[in-house]
Amino acid sequence: MASLLAVLIGAMVAAASYLLLSRNVVRFLFGFVLLGNAINLAILTVGRYRGPQPPLVPDGAAVPTAAVANALPQALILTAIVIGFGILAFSVVLIYRAYEELGTINSDEMQVAEPAGVPGGPR
Amino acid sequence: MASKTAPIGRAGPNSRFAIFRCVAGYLLAAALPAALTGLFVSLVPEVAGGGVLRWSVDWVPSLGVRLSFLVDGLGLVFALLISGIGVVVFVYARAYLDGHPQLVRFFVVLTLFMLAMLGTVLADNLIALFVFWELTTLTSYLLIGFTHERADARAAALQALLVTGIGGLAMLAGFILLGAAAGTFELSQLRAGTVDVRADPRYLPLLGLILVGCFTKSAQFPFHFWLPNAMAAPTPVSAYLHSATMVKAGIYLMARLLPTLGGTEAWTVTLTAAGAVTAVLGSVWALGQSDLKQLLAYTTVMGLGTLTLLLGLGGTAGVVAAMVFLLVHCFYKAALFLVVGAIDHATHTRERDALSGLAAAMPVTFVTAALAALSMAGLPPLVGFIAKELIYVGAVEAPVVPAVVVGAALAANALTVTAAGLVALGPFLGVRRAWSQPPHDPPWTMWSGPLLLAALGVGAGLYPALIDQTLVAPAASAVLNTPVEVHLALWHGLGLPLALSGATLALGLAAWSARRPLDRALAAAAAGLPRSAEGVYDAALAGMKGLAAWQTAVLQHGRLRGYLATVFATMIALIGLAFLWGGLSPAVPLPLDVPLYAWGAAALILAGTAVTLKTTSRLTAICALGAVGIGVAILFVSHGAVDVALTQLLCDILFVILLAVALLKLPRFRELPHRGRAAMVATAGLAVAFGTLVSLILLEILATPLDLRLTEFFQSHSQPTAHGRNIVNVILVDFRAFDTLGEIAVVMLAGLAAVALIRVRASARRHQENNR
């Protein structure tokens, strides 16, 4: 299982990187979402595959009786998903507002803070 | 000072309080240095009797840093010079800068400097000494750049700050090595000599680092160039900082560390060579100067070189000569600087060619200049003669190449005779000139101090007991760490030193009589000589600025894609290098344990990713990303992560709705310019390389054993301790509840910020409508 996921995650990261390197900020956002998914899967993979048993303690027992999945990565991923969604929601609004103000979704043309030809700005 | 300050806001003669204000101003200006001088004079008998005063409090006890002070013979001589010349300079400056709008700022900084300088020479702890040392650098920066509206003053201030500051940092590194080698930062314990630092393997590096600090501060070749430039400071500052006190800090430190670090071949050769070269070059360069203040600055370089040379010799004769010359140099050099300030004040020029025949108009100034210059030239009965004799005594006994040392001393001293003539005789003798405003002596507040200093040169010469047992002997004893008897006298008997004195005078007078052709020859020679490390300084400064501009232009180009590409490329290079270095674990287990539905999920993810990459339709891309999310959720289920899968599905649905609502208002992708084929291939290459790297990292991690202690802890404590059967839930709301609180706060903040962004738009729109 792990080797399949490792290859799959690599492919997702490659696609995400390609999208992140786009000048279209919407495609950048797509890359961001894809990267988030890939990283969550990576955390899962690193926690090792132990079959589909959820990490639950059966009734009447103090500890899990059978081999269950690693609970720690799951807790981390839950946090990551929620935070990722928060950032995504904010980014969507930011891109939308930036388009309203600047009339572009091309990051190369978003040069208000550092206009070209100004020291410290692009040449 | 070429640009004279107009008397602004000066109290008029009819002001009733003018006289009080004036007197109060002088009293205030000189009160602190005068009180300190009184204090230090009162300590002279005790210290001369061999007493050492110590005072200390803990500062940073964990690092062994104490704010400790030590008054012994050496420290007291310096403290007396700093506070005593301080009185003269403070009173003089009060008149010199009378009416200057920044007078208060000047005195605040000058007072801070004086206190920092006193701290430097009285500190017993090396780290405390370093702090005070750097404070003198900072206050010197502020004083050189006092007329900050002038670009040359600012540049000179910055140069002095950088050169002495970098030297100071080297010195700090040296101090730390010294502290590590000796086991203490206290100078008094270093001198006790329980550990011989000279035998430590760190001796050479620490000596080199400390000497860099001393040489930059005390303007030794090749670091001397900042000192003549520092003449951009007001003349009282030049007299005080850049001839009498601050530039002697390096001399002080070398003298202080002589018993600990001195006596080795490295010490002797380095100091003797640097001192001799500095002394000779300083005196040669001095003669080529047309500006009197520059001329004095270069003779100061010569004086500092001589002091370094004498400390390099290291024997009793050398140290006694150094201590006497230190006093003598302070007396005559401060007086001469103040005289040049008076000439500048009266005639508004310091150019040698423009000045002559002032003796009748400025008699007191002339007398002061003549007395100081006689001491500088080393003529009997002035104390300068005694100092010069002692220098020759020390030079003759030099442990390394005495002939060269004597020759260097002879050349430097002879040229100093000429320089003394140029300063003291040139402006006053010769044809009287027609001045638009007839020059006159300055007010008594400006001539009394210099005259006193010059008179001290006569007094100490005629009556050497004034200084020998009171100041010189305790100081030399402190430097040599053994009691020394010093009896100074004008007449040393016939011998080599007297012959050398005669030769000095003869050579100096010969150079004086041939000064005009000599000037031309020196000017021509100076043009051909590599001036100093100033070129290196300029090149380094320009290079640093150029590098900063270049790397800003290259790295900070303002294109988001470029930044990301740089980050990716750097990560690929660094992690790739690590893989090349460490090698790859070869075993990649075949995925035989994958259930069929997980294969399906993986295929779904790959397909969704491919569609997202390919499509130019926004809606298709959003749907494809939604499919990827569903595939990820299925994989979560396959790993037993049911809760995670649920959350993933919920967020996935919300995400698709949100994007669909917001992004469909944005322009179509087709309307954007496409990247060219080459750029596309390059980007794809970068992306594939990065993805491959991530796969390799994951495989590498999977090949190493996993530390399961935390997981086991949560498994065994979830039910008994937190009374929860869903271990993931218990981790989130119980064991790591604060993390979850933080997570909720982040989501809430993101929501608030999103709302704020939209509200800003609404209020801006209202604002526009109102304006219409």
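Helices, as I use the word here, are DSSP runs of H or I with at least four residues, numbered from the N terminus. I note at the start that this is a predicted model.

**Entry 1**

I began with a loop. B:P222 sits between helix 7 (203-217) and helix 8 (226-229) of chain B.

**Entry 2: another cis bond**

Next I went to B:P380 and B:P381. A cis peptide bond joins these two prolines, and omega is about 5°. I placed B:P381 in the loop between helix 14 (363-377) and helix 15 (383-396) of chain B.

Most residues other than glycine have a negative phi. I therefore noted the exceptions I came across, keeping that rule in mind.

B:H348 is not a glycine, yet its phi is positive, about 60°. I found B:H348 in the loop between helix 13 (316-347) and helix 14 of chain B. Buried or exposed? I had to settle for the class in between: B:H348 has a relative accessible area of 42%, so I put it down as partly exposed.

B:H723 also carries a positive phi without being a glycine, and here the value is about 55°. I traced B:H723 to the loop between helix 27 (709-722) and helix 28 (727-735) of chain B. Its relative accessible area is 65%, so B:H723 goes down as exposed; the cut-off for that class is over 50%.

**Entry 3: chain B as a whole**

I stepped back to take in chain B. I get 29 helices and two strands for its secondary structure. The radius of gyration is 38 Å, while the globule rule gives 28 Å for 772 residues; that is well over the rule, so chain B is more spread out than a compact globule. I also took the spans of the C-alpha trace along the principal axes, and they come to about 110 × 75 × 55 Å.

How much of chain B is buried? I have 52% of its 772 residues in that class. For contacts between residues at least 6 apart in sequence, I find that 77% join residues at least 24 apart. The accessible surface of chain B is about 33,200 Å², and carbon and sulfur atoms hold 71% of that. On charge, I have 45 positive and 35 negative side chains in chain B, with the centres of the two sets 14 Å apart.

**Entry 4: chain A as a whole**

The C-alpha trace of chain A spans about 70 × 30 × 25 Å along its principal axes.

I have 57% of the 123 residues of chain A as buried. Among contacts in chain A with a separation of 6 or more, residues 24 or more positions apart account for 44%. The accessible surface is about 4,500 Å² for chain A, with 67% belonging to carbon and sulfur atoms. I have 6 positive and 6 negative side chains in chain A, and the centres of these sets lie 12 Å apart.

**Entry 5: where the chains meet**

How many residues does each chain bring to the contact? I have 91 residues from chain A and 106 residues from chain B. The area buried between chain A and chain B is about 8,600 Å², and carbon and sulfur atoms give 74% of it. I looked up which residues of chain A lose the most area to chain B: they are A:Y18, A:L21 and A:F30, together 9% of what that side buries.

**Entry 6: B:L606**

Last, I picked out one residue on the chain B side. B:L606 belongs to helix 23 (residues 596-614) of chain B. What does B:L606 touch, leaving out residues up to four places away in sequence? I find A:L8 and A:A11. Its relative accessibility is 43%, so I count B:L606 as partly exposed. I also checked B:L606 against B:A627: they are 21 residues apart in sequence and 9.7 Å apart in space, C-alpha to C-alpha.

Conventions: Residues numbered from 1 in each chain as written. Chains lettered and ligands numbered in written order. Predicted model: local features only at pLDDT ≥ 70, side-chain atom pairs only at ≥ 80, totals over all residues. Heavy atoms only, no water. Rg over C-alpha atoms; globule rule 2.2 N^0.38 Å. Buried < 20%, exposed > 50% of the residue type's maximum accessible area, 1.4 Å probe, protein only. Contact = heavy atoms within 4.5 Å. Areas by Shrake-Rupley, 256 points an atom, 1.4 Å probe, with all protein chains shown as cover. Lys, Arg positive; Asp, Glu negative; His and termini not counted. Charge placed at Lys NZ, Arg CZ, Asp CG, Glu CD. Buried area = accessible area lost by both parts, 1.4 Å probe.
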